[in-house]
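User: I'd like to learn how to read a few features of a model like this one. Could we go through them one at a time?

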Amino acid sequence: MSSDQPASASHVLEEASRRRTFAVISHPDAGKSTLTEALALHAQAITSAGAVHGKGGRKGVTSDWMELEKERGISVTSAALQFGHRDHVMNLVDTPGHADFSEDTYRVLSAVDCAIMLVDAAKGLEEQTRKLFSVCRHRGVPVITFINKWDRRGREALELLDDIENVLGITPVPVVWPVGNAGNLRGLVEASNTEQMRRFTRVPGGTHKAVEEKLTAAEATAAEGEVWETALEELELVLSSGPGWDPEAFRAGKISPVFFGAALTNIGVGLLLDAVVDLAPAPGPRPLAVAEATRPVESDFSGLVFKIQANMDPAHRDRIAFVRVCSGVFERGMNVTRAASGRSFATKYAHTVFGAERTVVDTSYPGDVVGLINATALRVGDTLYAGKKAEFPPLPAFAPEHFAVARPKDISRSKQFRKGISQLDEEGVVQVLVSDRRGDQAPVLAAVGPMQFDVVLHRMEHEFSSPITLDHLPYNIARVTDAEGAAVLNRARLVTGETLTRRSDDVLLALFGDKWQMNSFVRSNPDVKLETLIATA
Ligand code: GDP
């Protein structure tokens with residue numbers, strides 16, 4: 001326990017106002033890892049200094065993390081990277097990078113105050129970007145757009161903005177405009193200062209990073225001629241036809257500030273970081289489960305468990321619960337209470353974690369992410385608090401669309417099998433359902449995206465030493481029902497329908513093969529409760 005005096009409310013408010021907690025959302029290959037590295041290198045890494053300047057010299061910030069992902073062949077985990085920029089503390093929360101949508105990502109987005117939507121200049125709005133954007137919208141997370149890879153041939157800037165407006169239904173407001181088409185990036189001009197061009201030149205040989213110079217408008221005209229004039233005309237056109245910058249509209253998800261650049265050569269990355277400081281909201285009061293009530297940032301400690309990960313580091317067999325600090329001060333060793341059970345425990349082992357690097361954390365403020373080691377009672381969505389009680393609303397579950405029965409390959413390992421399945425359930429890797437018909441020896445695994453099954457297969461074999469088989473089931477739709485609904489469903493004895501109990505929270509889920517089957521059931525049984533879960537598309 002720290003011997004310091006309890007932090008004053010004004011101190012907490014001041015620390016919270018210096019925090020920016022954000023995530024990067026993108027389709028795989030759009031450049032998320034490259035941008036993460038560029039952001040952290042551009043800024044000054046604080047707690048992950050070891051990760052940035054690794055023992056072996058200049059090691060990429062994400063390399064430890066990626067090593068782990070490589071071993072597993074897939075990105076399965078999330079953590080946070082903390083670094084400093086302009087006297088602010090930036091918390092970049094990592095989102096899983098795989099092609100599938102998974103509930104994981106949703107939970108990560110419940111822990112951030114802003115998201116950077118990374119768009120590949122040549123590919124535009126890809127499927128995963130659209131899905132992740134809709135999650136941000138659902139959660140009310142404001143979105144900053146960064147159009148990446150402008151150093152390569154790609155689409156027209158105006159066309160990309162039209163897509164953002166038409167496909168996502170959010171109005172793009174350029175803060176930065178590219179001088180030169182995609183593939184001919186000469187520099188950038190800021191909407192707030194069209195009298196200046198930031199020119200970027202690649203250094204021949206040597207490093208990737210481009211060198212920046214500031215040119216006056218006259219110098220830009222002399223040096224770049226028509227390319228500069230065109231950039232100004234396009235910017236003027238977009239700005240005059242749009243609503244203009246409005247912080248309220250940004251926070252309400254009506255507009256998205258747009259940046260252009262190239263993460264690989266570090267072009268536009270500094271302006272993007274500045275935007276996170278200047279535009280993204282600092283941690284604010286968080287709504288509680290009780291209607292209309294909020295937890296102010298300066299009140300007693302409260303935090304949200306948004307991610308649980310076991311065996312993250314093969315060298316440490318452990319289980320880490322990632323907690324986003326929502327209010328007050330978190331101090332290592334302090335006693336916190338788990339709202340769901342009312343039990344309190346001492347947080348003896350608290351770390352900030354990024355990849356395999358761990359730094360012991362002593363004090364954290366709203367917006368920071370803390371990893372609690374071996375806090376085995378914790379579940380994703382839990383609220384932790386000290387002092388005055390707090391409980392945040394539960395994280396909503398997404399509608400699973402893929403179902404498979406899991407069985408141990410070797411039945412003599414059924415103990416390991418049960419342990420593994422229940423761990424993966426707690427981590428939220430898949431939802432684990434038990435049906436009367438099959439019993440708990442053959443649980444049904446339900447996933448939002450099929451890749452979640454690959455993670456289960458891999459981890460059951462390598463971490464829990466119980467290889468499994470998965471038999472896919474012909475269902476696509478899950479609906480929440482109640483006990484009466486379950487009785488009707490059982491009586492109906494649908495050929496391909498059954499009622500299942502979601503084990504961890506006792507929610508009853510009815511599964512249907514397709515919407516025709518479900519609609520026909522609804523026509524015959526109009527009174528049965530069948531509620532939808534959140535769809536991801
Ligand atoms: P992720 O899957 O979103 O994490 O994408 P990566 O960061 O791994 O990048 C995917 C590929 O795009 C890699 O080959 C990167 O070098 C490349 N890349 C990323 N950013 C840029 C960029 O600004 N310009 C160019 N030309 N390539 C980029």
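User: What share of the residues of the chain count as buried?

Analyst: Burial is judged by counting neighbours: a residue is buried if 20 or more other C-beta atoms lie within 10 Å of its own. In this predicted model, 47% of the 537 residues of the chain count as buried.

User: And how many helices and strands does the chain have?

Analyst: There are 15 helices and 31 strands in the chain. As for contacts between residues at least 6 apart in sequence, 71% of them join residues at least 24 apart.

User: Why does Val522 count as partly exposed?

Analyst: Partly exposed is the class between the two limits, 20 or more for buried and 12 or fewer for exposed. Val522 has 15 C-beta neighbours inside 10 Å, so Val522 falls in that class. You'll find Val522 in helix 15, which spans residues 515-524. Between Val522 and Val297 there are 46 Å from C-alpha to C-alpha, with a separation of 225 residues in sequence.

User: Now the ligand. Which residues come nearest to the ligand?

Analyst: The shell is read from the residues around the ligand, 16 here, and Gly31, Lys32, Ser33, Ala262 and Leu264 come nearest. Sorted by class, the shell holds 5 nonpolar, 6 polar and 5 charged residues.

User: Which helix gives the most to the shell around the ligand?

Analyst: That is helix 2, residues 32-42, with 3 residues in the shell.

User: At what angle do helix 2 and helix 11 pack?

Analyst: For a helix pair, look at the angle and the distance between axes. Helix 2 packs against helix 11 (residues 269-279) at about 75°, and the axes are 10 Å apart. Angles of 65 to 115 degrees count as roughly perpendicular, so this is how helix 2 and helix 11 are described.

User: Which residues of helix 2 and helix 11 meet?

Analyst: On the helix 2 side they are Ala38, Leu39 and His42, and these meet Val269, Gly270 and Leu273 of helix 11. By class, the residues of this contact are 4 nonpolar and 2 polar, with no charged ones.

How values were computed: Residues are numbered from 1 along each chain as its sequence is written. This is a predicted model: local features need pLDDT of at least 70, side-chain atom pairs count only at pLDDT 80 or more; totals for chains, interfaces and linings use all residues. Helices (H or I, at least four residues) and strands (E, at least two) are DSSP runs, numbered from the N terminus. A residue is near a molecule or strand if its C-beta atom, placed from the backbone, lies within 6 Å of it. Ala, Val, Leu, Ile, Met, Phe, Trp, Tyr, Cys and Pro count as nonpolar, Asp, Glu, Lys and Arg as charged, and the others, Gly among them, as polar. Axes are lines fitted to C-alpha atoms, for helices over the stretch in contact, and angles run from 0 to 180 degrees between N-to-C directions. Angles under 35 degrees count as roughly parallel, over 145 as roughly antiparallel, 65 to 115 as roughly perpendicular and the rest as oblique. Two residues are in contact if their C-beta atoms, placed from the backbone, lie within 7 Å.
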